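Subject: Structure handover

Hello,

Please find the sequence and structure below. My notes on what was found follow.

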Amino acid sequence: MAGEAFRYRTILEVAIIAVVIYVLVGTPGFSTTTNSKSLPSQQHEVPVAKAKIEQLVYPSKDLKCPRHDYNVHVFATSPLVLYIDGFLSDEEVDHLIVSSNDKWKVSTVSNEGREMVDDSVRKSEKAAIPRDNIVQCIEARALSFQGWPQETFIERLWTQRYNVSGHYALHYDWGMATKQSRRVSSFMVYLKGDCEGGGTNFPRLPLPKEEKWCEFIECGGEEGVEGVTFKPRSGSAVFWMNFDAEGRGYKETIHAGMPVRSGQKIGLNIWSWYQAGHKIPDER
Ligand SMILES: *[C@@H]1O[C@H](CO)[C@@H](O)[C@H](O)[C@H]1NC(C)=O
């Protein structure tokens, strides 16, 4: 299974995977030194999982959320990629942006345990947003959307801000996977898209033929850009599953945050983490 997945990797992919790991190691929860291998690795599973568990969040017991409606369009079924129009309300979007104020810090990557800024891989700022009722309701919505998968938890939410020339190089979200713990799905939510550029490009997903999609994706055919690019429309989200039934990462999910050419983009990542045997702690 793993061997087969590996056989198809080109040198370019290996380079990309190396970049992914480089970046992942710099994200919260991966500050400990980890092995630079994307395939399941028993010996490193424990420290990664332990660090990750500290980043998982759980809903308050008495959480009550207002009803919220959105529109879902199936973009692809294998891998599952969905477009969610109106995943967040305008009020939620404004709240998240205000909550991020004064919390922005430069996104770093980590190289052999050393935190550093590397503009060639990732140029943005990120903010940890406080988990008030509105934010917890967004976390709960993300789980509800997925059908409350078992032993699966939301990772602490961060917003990301991209000014002019801000970008995120091609990467997968599923680098640190093992059988027992992995990032099962991703939501890329757009909060602010007052910009040129800044879309999310999936070079291996085919462009749909139906013109109705042009509301949500770039249909202009930008030179040198392959695949599909979702526009950063405020309140909307792209959702995708990272793994197939055998636990293999989908290579079609490779994606990049395209450079912002003018204006500013603010995004919100919602990642769901599967952790076998993990339970919601009692003290919440
Ligand atoms: C991004 O733009 C904001 C203004 O909207 C500014 O305050 C901030 O310093 C800029 N960040 C960087 C890294 O230049």
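Which residue in β17 is the bridge partner of R183? That partner is W273. Please keep in mind throughout that this is a predicted model.

β17 covers residues 260-275 and is mostly covered, with 13 of its 16 residues buried.

- β12 (residues 181-197) runs antiparallel to β17, and 15 bridges join the two. The pair R183 and W273 is one of the bridge pairs between a residue and its partner in β17.
- β10 (residues 158-162) is also antiparallel to β17, joined to that strand by five bridges. Here Q160 has G267 of β17 as its bridge partner.
- β9 pairs with β17 over three bridges, again in the antiparallel sense. On the β17 side, Y274 stands opposite T152.

**The ligand**

Four residues surround the ligand: E125, R161, N163 and Q264.

- E125: an N or O atom of its side chain is 3.0 Å from a nitrogen atom of the ligand.
- N163: an N or O atom of its side chain is 2.5 Å from an oxygen atom of the ligand.
- Q264: a polar atom of its side chain lies 3.2 Å from an oxygen atom of the ligand.

**The largest pocket**

The volume of the largest pocket is about 480 Å³. Its lining is made up of 21 residues, and those closest to the pocket centre are A140, R141, L143, S144 and W148. Which of the elements gives the most to the lining? α5 does, with five residues.

By class, 14 of the lining residues are nonpolar, four are polar and three are charged.

Regards

Terms used: Residues are numbered from 1 along each chain as its sequence is written. This is a predicted model: local features need pLDDT of at least 70, side-chain atom pairs count only at pLDDT 80 or more; totals for chains, interfaces and linings use all residues. Side-chain values use heavy atoms; hydrogens and water are left out. On a 1 Å grid over the protein atoms alone, a cavity is a set of points where a 1.4 Å probe fits but cannot get out, and a pocket is an open set with protein on both sides within 12 Å along at least five of seven lines; lining residues have an atom within 4 Å of a point. Grid points are joined across faces, edges and corners, and a volume is the space filled by probe spheres set on the points. Helices (H or I, at least four residues) and strands (E, at least two) are DSSP runs, numbered from the N terminus. Ala, Val, Leu, Ile, Met, Phe, Trp, Tyr, Cys and Pro count as nonpolar, Asp, Glu, Lys and Arg as charged, and the others, Gly among them, as polar. Buried means under 20% relative accessible area, exposed over 50%, partly exposed in between (1.4 Å probe, protein chains only). Two strands pair if DSSP finds at least two bridges between them. A residue is near a molecule or strand if one of its heavy atoms lies within 4 Å of it. A polar contact is a pair of N or O atoms within 3.5 Å; within protein, one must be able to donate a hydrogen and the other to accept it, and residues adjacent in sequence count only if both atoms are side-chain atoms.
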